[in-house]
Amino acid sequence: MSDRPIKLERDEQHMFNVRAIVAGIIILFALLAILGRVYQLQVLEHEKYSELSRQHYEKRIPIPPNRGQIYDRNGVLLADSHTQYVLEVVRDNIGDENGDGRSTLADVDVFIARLGAIIPLQEKDIRLFKTQVRRFKYQPIPIRTNLTEEEIAVFAVNRPRFPGVTMEVSMERYYPLINTASHVIGYVGRIDTRDLERVDKDEYIGTSHIGKSGVEASHEDRLHGQAGYHLIEVDAHGKKQSVIREQEPIGGQDLFLGLDINLQIQAEKLLGGERGAIVALDPSNGEVLALASMPTFDPNLFIDGISLKDYTSLRDDPNRPLFNRALQGAYPPGSTVKPMVGVAGLAEHVVTPGSRVYDPGFFRLSGQKHVFRCWNKRGHGSVDLKYAIQQSCDTYFYDLANRMGIDRFSSFMSRFGFGDQTGIDLPSEASGLMPSKEWKEKRYKRSWFPGDTVNIGIGQGYWLATPLQLAHAVSIMANHGVRLKPHVLRGVRTTRNEEEKLLKPEPFPPIEVEQRFWNLAIQGMENVMRPGGTARAAGAGAAYRIAGKTGTAQVFGLSGGKYNAGRLAKRLRDHALFIGFAPVDNPKIAVAVIVENSSGSGGHTAAPIGRKLMDAYLLQQYGDNMLKPAGAVGASPEPEPEPEPEPAATTEKSTKKVTKKAQSKTKEKLKKVRGARD
């Protein structure tokens with residue numbers, strides 16, 4: 001029994017040693033873990049936690065940049081920014097009801113009620129303020145803009161009651177020409193959640209407005225500029241203590257458009273009270289000289305949020321003033337495309353310059369009873385391409401399209417840009433429609449019929465084009481196949497004391513066709529504007545050579561009987577169209593005009609508008625001395641007089657003759673146009 005205590009003492013010593021070793025190992029691993037964590041925090045993640053630490057006592061307050069201005073090609077100001085007084089609020093500086101030095105959203109409601117008692121606050125301002133105050137605790141948020149002088153004085157007296165509110169001077173957009181060119185310039189509006197999804201939030205955190213339409217939207221990246229900031233030190237309650245660092249914002253670029261605002265005013269004036277559109281391009285570089293869509297609207301209404309009453313009025317207006325007809329309106333191009341169809345027929349060797357077609361006043365497909373009528377029921381007799389363009393002979397182009405077939409027809413017309421966007425630097429451009437067999441099968445689950453091709457031959461049927469596409473196509477005619485992308489922006493300026501930097505034209509692949517084919521089609525277009533042509537009255541007395549083509553697009557089909565505009569409701573009448581360019585030997589302007597639901601044909605309604613627009617630009621911009629006389633030798637030689645077949649037909653809808661008295665009146669109007677300015 002004496003050995004037993006000795007054994008227990010040895011066992012206890014062993015157990016103690018084991019436990020000490022285990023405890024030592026655990027302590028060692030714990031120390032290693034602590035050291036590892038210290039190393040991670042102090043070395044590996046030093047920058048991260050230093051930044052988090054700085055954020056507790058440093059706050060970056062953004063400084064929005066000044067928005068760039070917009071000018072026309074001659075330096076006329078189209079979009080400017082003017083100073084306004086704004087009430088700004090920092091949420092955590094407006095006081096609190098709990099007495100803990102921090103403001104809650106409940107405190108914000110109390111604050112709004114108190115401020116609204118002395119300064120009128122609109123419901124839209126309160127709603128937007130509450131949305132932003134939930135996101136930003138330390139950033140100044142505007143609660144009321146455009147303070148009047150009386151409101152400024154009232155707030156100055158009551159300023160001690162509102163320690164968290166400051167009155168700042170900011171820049172607000174405005175459009176001095178009101179509704180002129182509003183579809184081109186566009187407008188800015190308050191930034192919403194959808195806008196924030198597509199922009200750099202850091203750059204826009206201090207910006208309240210963003211481009212919503214037109215140039216304001218498509219060139220937002222140039223106009224906005226680069227934001228600056230104040231880096232301030234704050235205390236534990238977020239109160240500003242001092243300014244640590246500042247970075248000045250960089251203002252947006254000034255934009256110079258190709259738009260000639262005097263020409264734009266003239267275009268809108270010429271459309272008058274009619275619904276329609278006018279597009280004028282410079283064929284040499286693709287610049288947009290005028291882009292009018294009527295009716296128009298006042299973009300100033302949208303800057304600080306349009307009222308429900310004003311928006312409802314614009315939205316429900318049957319004339320659709322917010323709809324940009326020049327870019328988004330898709331219309332049957334009618335007979336305006338016959339010169340392009342003629343070039344296609346020549347290039348594809350379907351017709352020759354000398355080949356003729358007999359027009360009895362109608363066209364019938366082989367083996368079918370259905371008759372496709374020419375506008376002239378008496379017929380034009382034997383016609384070639386040049387005379388078919390001059391007289392707008394439907395039968396000639398029915399036959400040409402039928403022989404070409406829809407595959408070749410559609411493919412060649414696509415080279416003129418039909419059926420696709422032009423790529424203009426404006427948002428929401430429509431692509432129109434250049435139909436094909438595949439398109440009809442997919443759209444209607446039906447086969448393509450020869451009769452479809454016949455209708456397409458005169459710009460009817462499924463074919464749809466925008467006024468911009470028509471202006472682009474006639475520019476290609478003017479350039480003999482050279483294609484340039486239409487563009488509104490002409491140049492930019494980074495600072496006010498530097499020169500404007502012009503942008504280079506962007507070319508498309510050209511349409512390579514023999515020059516004699518271009519010449520022939522253009523000669524036909526010149527004859528359109530001469531005695532015997534469908535727009536002879538509009539072309540009378542011109543000081544320069546004009547190439548043009550009229551068109552009339554059906555709004556709905558007549559099941560029988562004769563078309564009589566006077567007996568139809570306004571919105572069921574045909575559209576009147578005109579395309580043209582001048583001078584023929586040195587093109588400076590290409591024009592497309594559409595007048596919706598016109599009581600007259602393209603020759604009577606749209607062509608005179610196109611002629612007056614050309615006069616307004618060419619005679620004022622270049623003067624009589626810079627324009628070559630009508631007989632000058634240029635890209636297209638002077639056309640020979642065309643013998644008129646029997647029976648004679650001179651216009652699409654009428655056979656009135658041009659008299660010396662009418663020519664005299666046209667000259668008198670020309671004198672007025674030279675000095676006209678709205």
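This is a predicted model: local features need pLDDT of at least 70, side-chain atom pairs count only at pLDDT 80 or more; totals for chains, interfaces and linings use all residues.
Local features need pLDDT of at least 70 and side-chain atom pairs count only at pLDDT 80 or more, while totals for chains, interfaces and linings use all residues. Residues are numbered from 1 along each chain as its sequence is written, and side-chain values use heavy atoms, with hydrogens and water left out.

Most residues other than glycine have a negative phi, and most peptide bonds are trans. Against that background, a cis peptide bond joins M294 and P295, with omega at about 0°. P295 sits in the loop between β12 (288-294) and α12 (308-316); helices (H or I, at least four residues) and strands (E, at least two) are DSSP runs, numbered from the N terminus. Another cis peptide bond, with omega of about -20°, links A582 to P583. Here P583 belongs to the loop between β22 (575-582) and β23 (589-595).

Positive phi values also turn up. For A181, which is not a glycine, phi is near 60°. This alanine is found in the loop between β5 (165-174) and α6 (182-185). A181 counts as buried because its relative accessibility is 1%, where buried means under 20% relative accessible area, exposed over 50%, and partly exposed in between (1.4 Å probe, protein chains only). S392 likewise has a positive phi, of about 55°, and lies in the loop between α15 (385-391) and α16 (394-404). The relative accessible area of S392 is 0%, so this serine is buried.

Helix packing comes next. Helix α14 (residues 338-347) and helix α17 (residues 406-414) pack at an angle of about 120°, their axes being 10 Å apart. Axes here are lines fitted to C-alpha atoms, for helices over the stretch in contact, and angles run from 0 to 180 degrees between N-to-C directions. Which residues of α14 and α17 meet? M340, V341, V343, A344 and A347 in α14 meet F409, F412 and M413 in α17, contact being heavy atoms within 4.5 Å.

Side chains of opposite charge can pair when their charged atoms come close. The whole structure holds 26 salt bridges, each defined as a side-chain nitrogen of Lys or Arg within 4 Å of a carboxyl oxygen of Asp or Glu. In helix α16, R403 and D399 lie 4 residues apart, about one turn of the helix, and they form a salt bridge whose closest N and O atoms are 3.0 Å apart. R403 is partly exposed at 42% relative accessibility, whereas D399 is buried at 15%. The side chains of K437 and D407 also meet in a salt bridge (3.6 Å, N to O). K437 lies in helix α18 (residues 437-444) and D407 in helix α17, so this pair ties together parts that are 30 residues apart in sequence. Elsewhere, R198 and D195 are joined by a salt bridge (3.1 Å, N to O), and D195 is buried at 6% relative accessibility. Both R198 and D195 belong to a network of salt bridges that also links D192, R194 and K212.

Finally, the surface deserves a look. I21, I25, L28, F29, L32 and L35 make a nonpolar patch of about 620 Å². Patches are made of residues with over 30% relative accessible area and no salt bridge: like charges are joined within 9 Å, nonpolar side chains (Val, Leu, Ile, Met, Phe, Trp, Tyr) within 5 Å. Accessible areas come from the Shrake-Rupley method with a 1.4 Å probe, and for residues only the protein chains shown count as cover. I21 lies in helix α1 (residues 4-44) and is exposed, with a relative accessible area of 54%.
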